[in-house]
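The sequence and structure are shown first.

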Amino acid sequence: MSPEPEPPLASLRLRIAQATPPDVGHAARAPVRLLAVSKLQPASAVAALAAQGQTAFGENYVQEAMAKRAELAALGLEWHLIGPLQSNKCRDAAATFDWVQSVDRTKLVGLLARHRPAGAAPLNVLLQVNVEGEASKAGCAPEAVDALAAAVAAEPALRLRGLMAIPVPHADVEQRRPAFRAMRALFERLRARYADVDTLSMGMSDDFAVAIEEGATMVRVGTALFGARG
Ligand SMILES: *Cc1c(COP(=O)(O)O)cnc(C)c1O
C-alpha cells in the first residue's frame, strides 16, 4: 500500500515556511500569509479548507463571492477580491469583501469608500501595480502608486495595507524575479510613509517560492491547494 498523500494545505504551509529566508540583521520576519484562491471552486471546498484552519480566501468575481460568503457566513472567514474590479461592482464589492487587492485607479477609491457600509470595519486595500508596464494588463503604473496611495489614505472608510502584483507569467519562473524585486522596492517606500502598510501580495501556485524569497508577505495560491479549476 502506498502511504497517504500529505494533505495539500499542510504540504503547502511547509513549502511556504521553507521558502521564507531568515532575515539576518533585521527583526524576525513575520510568517508569510496564505490566501487560498477559491474562484470557481464550490463552497464545500472552501468549507473543507476552513475546517483545516485556513481563514483567508481570494475570489475573482464579485457575484460568485457574494453567494459563497452568504452560504458560509457562520464560518467567519476573511474574503479578498483579487480579480479586476469594474466601477458598477464597487457597491457590492464594498459590502462583501474584507480586502480588495485590485484597486488600480482613483475612481474605484471614491466608490469603494462611499459604498462601504456604515458601521463596518474599514475596507483593507491593496494597490495593484502593473510593474512591467504591459499595455494589456490591469494595475496602475509604478509612477501612479504615490497619488493612488494618498487617495486611499485620505478615506476613513478604507485602510491602505500595501501592494499586489501579477508579473508576466514567463515559463521560466526565474525570469519573474526582477518584477518581484521591483515590487519589493515600491513596497518598502510605501511602508516607510504609511503606518498601516504591511502587505506585499505576490506569488501564485507556480512561483510563490521565488516571490517569498523576494519579500512577499502574502501569497495567493489556487491550483496547488484545490487542484485544477472546473
Ligand atoms: C487565479 C489567481 C491566483 C491563483 O492562481 P493559481 O495559479 O491557481 O495558484 C492568484 N492571483 C490571482 C490574481 C488570480 O486571479
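## Terms and basis

A residue is called buried under 20% relative accessible area, exposed over 50%, and partly exposed in between, with a 1.4 Å probe and protein chains only. By that scale Arg105 is partly exposed, because its relative accessibility is 33%.

The model is predicted, so that local features need pLDDT of at least 70 and side-chain atom pairs count only at pLDDT 80 or more, while totals for chains, interfaces and linings use all residues. Residues are numbered from 1 along each chain as its sequence is written, and side-chain values use heavy atoms, with hydrogens and water left out.

## Annotated domain

An unreviewed UniProt entry lists residues 29-229 as "domain: Alanine racemase N-terminal". UniProt positions are given in the numbering used here, feature names are shortened, and annotations may be inferred rather than shown by experiment. The span 29-229 is 36% helix and 19% strand, and its end C-alpha atoms lie 33 Å apart. Helices (H or I, at least four residues) and strands (E, at least two) are DSSP runs, numbered from the N terminus.

## Helix α7

Helix α7 comprises 17 residues, 177-193. At 1.5 Å a residue it should span 24 Å, and the 25 Å between its end C-alpha atoms agrees; the expected span is 1.5 Å times one less than the number of residues.

The buried residues of α7 are Arg177, Ala179, Phe180, Met183, Leu186, Phe187 and Leu190. Their cover includes α6 (145-153), β6 (158-164), β7 (199-201) and α8 (208-213), where contact means heavy atoms within 4.5 Å.

## Salt bridges and cysteines

There are 18 salt bridges in the structure, each a side-chain nitrogen of Lys or Arg within 4 Å of a carboxyl oxygen of Asp or Glu. Arg191 is partly exposed at 35%, as is Glu188 at 27%. Shared partners also join Glu174, Arg177, Arg181, Glu213 and Glu214 into one salt-bridge network. Arg105 pairs with Asp104, with the closest N and O atoms 2.9 Å apart; Asp104 is buried, at 17%.

The structure holds zero disulfides, a disulfide being a pair of cysteine sulfur atoms within 2.5 Å. For Cys90, the nearest cysteine sulfur is that of Cys140, 15 Å away. Cys90 is buried at 0% relative accessibility, and Cys140 is buried at 5%.
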